[in-house]
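Please open the model in a viewer and follow the selections below in order. Each stop gives a selection and then describes what is found there.

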Amino acid sequence: MKILAIETSCDETSVAVVENGCKIHSLVINSQIDIHKAFGGVVPEIAARSHIEVMIPVVKQALDEASLGWSNIDSIAVTQGPGLSGSLLIGALTARTLAWSMNKPLYPVHHILGHVYANWITEGPAYPSPYPKSVPKFPVLALIVSGGHTQLMLGLSHTDWSVIGRTSDDAVGEAFDKVAKVLGLPYPGGISISKLARSGDSSRYQLPTPKVAEKYGFSFSGLKTALLRAVQKECGKTHDFPSFELSPLLSDAQKADFSASFEKTAINYLVSKTKLAFEEFQPKTFILGGGVAASLPLRSALSSKLPLAIEYAPQILCTDNAAMIGARAYYQSLSEDPVDPRTLEIKPSWPL
Ligand code: KG4
Ligand code: ZN
């Protein structure tokens with residue numbers, strides 16, 4: 001089954017054609033990073049407008065790159081939520097229109113499950129990193145880490161996914177982005193911090209490991225504040241000194257050391273909770289998904305701490321993309337009826 005999938009939950013307009021949940025025929029990702037960079041983060045109104053401008057050309061490009069016409073497309077899939085309302089709306093309206101006018105079944109997909117199912121993709125165009133050789137085996141433990149989410153999930157089958165722990169405040173990617181702002185590094189912060197951390201000394205600043213009551217819960221807002229306090233102290237400033245005036249007072253070496261210290265603390269925290277869940281649930285496969293899964297230090301820390309060989313998805317499939325939506329939609333199509341394209345509503349806040 002060939003599915004044309006659409007993802008517009010945040011600041012990427014992406015369309016892909018994916019076959020049987022595992023093979024990418026085409027994947028187009030139009031990133032708005034350059035547009036939002038000037039504002040230091042995603043501006044929802046601008047994101048929605050940009051989706052409108054590029055949506056149809058991106059659909060056309062995905063079909064052209066797959067060398068397929070509409071007659072070869074079996075179904076349409078779209079991210080229904082969670083995400084930014086204005087952004088989700090453009091993708092959903094496009095998918096509804098295409099499904100209705102082309103008379104194709106329509107499958108709405110949960111964005112986080114999309115991140116999980118990026119790991120079922122084993123074939124596609126050549127990317128810098130290799131595809132996994134085999135698909136995950138249940139039970140699956142998944143750590144999903146992005147700009148909007150941080151959660152541990154347990155999958156017993158394609159129809160049985162549950163969240164065993166989630167962040168009670170900031171998502172880890174959001175914390176990376178906010179810390180990057182304090183250090184005066186460009187958006188998206190995770191990538192900037194990762195790059196700078198390579199030349200930094202992670203033991204120079206001691207940051208506290210966050211504590212939460214729930215065994216598999218996370219919290220990142222305290223860590224972010226601890227970093228801010230440490231920067232204020234290093235600059236000889238008090239707690240009320242504005243965070244956006246701190247970065248010009250820091251040297252490049254201090255920024256690198258703060259980046260390395262923050263990255264190490266955040267990664268060790270994610271890995272320790274994951275290890276705990278691994279020991280309790282004894283999964284056959286471990287999956288890392290979401291934008292922060294692009295972090296190579298996180299991947300190597302997990303590989304060294306978990307007692308099984310982990311195959312990671314290529315980095316391009318970790319950040320938001322439509323191929324992961326097409327992969328999840330295929331497994332939904334095996335057990336779910338398609339929805340009526342005339343009535344599909346978006347779900348900006350959609351707990352799993
Ligand atoms: O999944 P995603 O593309 O969008 C959301 O659904 O949020 O994730 C984007 C997030 C951003 O917060 C970005 O800073 C973070 O992923 N990120 C990273 C790295 N690459 C992207 N965080 C840490 N290290 C990285 N290498
Ligand atoms: Zn995402």
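Begin by selecting Ser14, which lies in strand 2 (residues 12-19); helices (H or I, at least four residues) and strands (E, at least two) are DSSP runs, numbered from the N terminus. The model is predicted, so local features need pLDDT of at least 70 and side-chain atom pairs count only at pLDDT 80 or more, whereas totals for chains, interfaces and linings use all residues. Residues are numbered from 1 along each chain as its sequence is written, chains are lettered from A and ligands numbered from 1 in the order in which they are written, and side-chain values use heavy atoms, with hydrogens and water left out.

Ser14 is buried, at a relative accessible area of 0% (buried means under 20%, exposed over 50%, partly exposed in between; 1.4 Å probe, protein chains only). Display the backbone oxygen of Val28: a polar atom of the Ser14 side chain lies 2.9 Å from it.

Next, select the zinc ion (ligand 2). Its protein donors are His111 (NE2), His115 (NE2) and Asp320 (OD), at 2.1 to 2.2 Å. Donors are N, O and S atoms within 2.8 Å of the metal (3.2 Å for Na, K and Ca); water is not among the atoms, so sites may look incomplete. Along the chain, the donors follow the spacing H-x3-H-x204-D.

Now select helix 4 (residues 111-117), where His111 and His115 both lie, four residues apart, about one turn of the helix. His111 is buried at 5% relative accessibility, and His115 is buried at 1%.

Finally, select Cys22, which is partly exposed at 21% relative accessibility.

Notes:
A polar contact is a pair of N or O atoms within 3.5 Å; within protein, one must be able to donate a hydrogen and the other to accept it, and residues adjacent in sequence count only if both atoms are side-chain atoms.
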